[in-house]
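Please open the model in your viewer and keep the selection panel at hand.

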Amino acid sequence: MNIRLISYILGWVLVIEGLCMQLSTIVGLIYGESSFIYFLIIGIISAILGATLVIKKPKNPTMHLKDGFASTTLSWIVLSLVGALPLYFSKSIPSFIDAFFETVSGFTTTGATILTDIEALDKCMLFWRSFSHFLGGMGVVVFLLAIIPKLGGNQSINLMKAESTGPAVGKSMPKLRTYAALLYSIYIGLALIEFILLLLGGMNVFDALTTAFSTAGTGGFSTYNASMGHFDSYYLQTVVAVFMMLFGVNFYVYILILTGKIKQILKLEELWVYLGMVVASTVAISVNLLSYYDTFKEAIHQSFFYVTSIQSSTGYAIADTNPWPEFSEALILILTCVGASAGSTGGGFKVSRIIILLKEIKKEFLLIIHPRNIYTVKSEGKKVTHEVARNVSVYLSLYILIIIVTTILISFNGFDFTTNFTSVLATINNTGPGFSMVGSAGNYSEFSVFSKIVFCFNMLAGRLELYPLALILIPSAWKKN
Amino acid sequence: MDIIIVGSGRVGRTIADHMNNEGHSITVIDEDAHALEKLSDTQNIMTIEGNGATLGTLREANVSTCDLLIAVTATDELNLYTCLIAKNAGVKRTIARVRNPLYTKDLPFVKDDLKLSLAINPELLCSRELTRMLKFPGVEGMASFARGHIDMIKIKVEEKSPLTNKKVVQSSHMLKDGVRFCFVERDGECYIPNGDFVIEAGDLISFIAPSKAAAKLLKSLGIVSNRGRSVLLLGGSKIAFYLAKDLSDAGISVKIIDNNKERCLELSESLDDVLIINGDAMDQDLLLSEGIEHVDAIVTLMNTDEENLVSSLYAKQVNPKAKVITEIGNLKISSVFENLPLDTMFNPKRIAGEHIMKYVRAMHNSRDSEFETVHPIADGKAEALEFRVRKDNLVTGISLSGLDLKEGLQIACINRQGKMIIPKGSDTIEVGDSVIVITKHKGLTDLEDILR
């Protein structure tokens, strides 16, 4: 491992985080809250500490894949540790592990909370929670790549690989820096449009901003106990639902729209499968909910909102879904696991991986029927290389392994199986709400400290897509040779 | 015309052969002295040893006064480059063979910049023809005239066919107007039938009909025109690639068996919805397990004629109902195969050669602007020619019965302002018509040539 290079990147992360905290300082000052001081001081210390690490550039800027993985993973851990400090010191969240859980949940855009009374928090604290979604959604390292010239040298794509979602991370432009900047511009642009639409629907600036942040990162932290249910408006809820769906789309689609290559969009398999799943699930669940809600319109509205919320891994709620029928719950759990598209800000297993796996299954059955069959698995019209196919298969194994082990670990709490299992799924897929105790109206406050650490692991593993986090646990990765 | 052919491979030789016989002056350029020697020993042509893409060699062949250069070397890039050099050196027209599917697709994009008159892709032409055969099983051959408004269709007359043992005049009457029986092949002999000619089972008859009516007509003749739903391709050649693509696009299920694993991988990458099997297409067990007994059609596209023949015979044996199409590359011994119980054979080189010949003949005759297209019938024993009448001449305005036509020649149809006329003795040819003539005479270039 190139320790010097990793610490250089961590330095930049600290600087960026310190500066971002000043946004909360401003919010605190506007609302006249004394707790702004924590953001000011911790932010300044963080920035100064980071600056000492970045003053001198590392002599060897070579970034191998393992360095990229390690620096990204450590960045996320440092980001969460430092990010938890204002919540902890201000006594907004008195327990450090709770504060850490909340911050990990924020940066990984999970949106699972340990808070029972969200509205009791100061505005600057709520702002910081929502802003962590925004920074974590597209990724802090991608942000660094966009603003810092020559970060990671010619191998900078290795940094991107750890943080971006999907089985095969690439760039559609020669220079990674311009590409990262473009991704962030689209990200901010879309969030801005949502912000304006929410303002037009009568939200105040603070609510519109935090909601836009949270939707953009597909996070799910709300500033109200009733989540999006607080806003009793079809318009507002529908705007949020549509944007949750949009942020679950591969950002490559928006690049194609911006460059006028509309025809290519029609051929994007993953996009249509993703949208198809949203539509099909919405219809299925609304039919299932007909007996539960008075009107078909209400059933469709409830169904569409929760489907987009879960599949994009946001986790906003407008109703308690615990009493929903079994079929709807099962479908929602499946959507939790499938998740959003590759190259989006959403979590989950990713639609493109599912498509590749299904085609691999088809290939296997073809081989049984025609033992000498030659079949090329393709994704978006391009051949899926053996390496990517293997990576996806192993990803599935690792994914299931982590779910099994952590479900067992969570079971020590003695809660019911639905709670244990769905809480594990909701954290590793970065969704937030599960069912039973952790349902859309529940929270994670009752779990033991140990369980919360396990959840933090799950959330980070899910956001970084398993491999990077698993890698830093392997000792031989740290050996020089 | 003075014609330079660069490349003396099979297509090059075929074209040289044909054009020499039509009286053109041919110069063949190739780097292989041995191949050239063989060619100049058997043909009355000039040969130059050298690289056809160099100005020196081309000047040696008097490129600047030539009418046409045909580049048919093994590589596409070389062919295109040769044409560009030759064009700049002053040749009037150029034809290049381009076989790479990726290049073929993009050619219209650069054809003008390359100053190319014609680009031909033999494999693509073949697959087009095969696709047509498979979409209309029971149809032996098809050609279109009058810019696609009229088809000439060749079918084999079965025992049960409504045509069997009937006079042509009866059959024409039964099928109503709009059909003209214009050619019959029987036991290796060719006939241009008159009304009293009796059609027998086993005859291969060619008739002309409006394109729109073709499908309905085939149905009424008992030739099922609903497509073969499943096709098995033995051999994964370039033709197989194009054919599989065309067929699967038309909703037909296609299976390819090829022995070369690399080739199978290539095919599976570029073909969706086609089942690719890596195995020996001469292996009975494999063929049976892949359902050769149940498919609707089998096309053999392997490297050697021997493999194609043997597997076709086998296919016919285990699945007599299927349409079997056999690729035969070696022209010289094709007469040997004629008595084998096989449905259809095709020769890719001949198809490519014919295509170029069509162009050359049209170009040669473009001075009079009467001659439009030529389609050879029965392996070139006869031809269907299309003329466009642009001005008054010796045949216009006179009733057909009053014309003193050559032996073995028939005016098959007159196309007047998009309407197809089956000519009777009282009809006349007018300016503006296009006329299709069936003839056993070779080298007709002008409509007036039909007169004795």
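## Chain B as a whole

Begin by selecting chain B, whose secondary structure comes to 14 helices and 24 strands, where helices (H or I, at least four residues) and strands (E, at least two) are DSSP runs numbered from the N terminus. The radius of gyration of chain B, taken over C-alpha atoms, is 23 Å, close to the 22 Å that the globule rule gives for 452 residues, so chain B is as compact as a globular protein of that length; the globule rule is 2.2 Å times the number of residues to the power 0.38.

This is a predicted model, in which local features need pLDDT of at least 70 and side-chain atom pairs count only at pLDDT 80 or more, while totals for chains, interfaces and linings use all residues. Residues are numbered from 1 along each chain as its sequence is written, and chains are lettered from A and ligands numbered from 1 in the order in which they are written.

Along the principal axes, the C-alpha atoms of chain B fill a box of roughly 60 × 60 × 40 Å. Of its 452 residues, 42% count as buried, a residue being buried if 20 or more other C-beta atoms lie within 10 Å of its own, exposed if 12 or fewer, and partly exposed in between, with C-beta atoms placed from the backbone.

Next, colour chain B by domain, using 2-120 for domain 1, 126-220 for domain 2, 230-350 for domain 3 and 360-450 for domain 4; these bounds come from an automatic or database domain assignment. The C-alpha centres of domain 1 and domain 4 of chain B lie 31 Å apart.

## A buried residue in chain B

Now select Ala382(B), which lies in strand S21 (residues 382-388) of chain B. Ala382(B) is buried, with 24 other C-beta atoms within 10 Å. Leaving aside residues up to four places away in sequence, Ala382(B) touches Phe183(B), Cys190(B), Ile377(B), Ile438(B), Thr439(B) and Lys440(B), contact meaning that the C-beta atoms of two residues, placed from the backbone, lie within 7 Å.

## Where the chains meet

Show both chains: the contact takes 11 residues from chain B and 7 residues from chain A. On the chain B side, helix H10 (261-270) and strand S16 (274-278) each supply at least two residues. That side divides into 6 nonpolar, 3 polar and 2 charged residues, where Ala, Val, Leu, Ile, Met, Phe, Trp, Tyr, Cys and Pro count as nonpolar, Asp, Glu, Lys and Arg as charged, and the others, Gly among them, as polar.

## Helix H6 of chain A

Move to chain A and select helix H1 (residues 3-30) with helix H6 (residues 140-147), which pack at an angle of about 95°, with their axes 10 Å apart. H1(A) and H6(A) are therefore roughly perpendicular to each other. Show side chains for Ile9(A), Trp12(A), Val13(A) and Ile16(A) of H1(A) and for Val140(A), Phe143(A) and Leu144(A) of H6(A), which make the contact. By class, this contact has 7 nonpolar, no polar and no charged residues.

Axes are lines fitted to C-alpha atoms, for helices over the stretch in contact, and angles run from 0 to 180 degrees between N-to-C directions. Angles under 35 degrees count as roughly parallel, over 145 as roughly antiparallel, 65 to 115 as roughly perpendicular and the rest as oblique.

How many residues of H6(A) are buried? The count is 7 of the 8, so H6(A) is largely enclosed by the rest of the structure.
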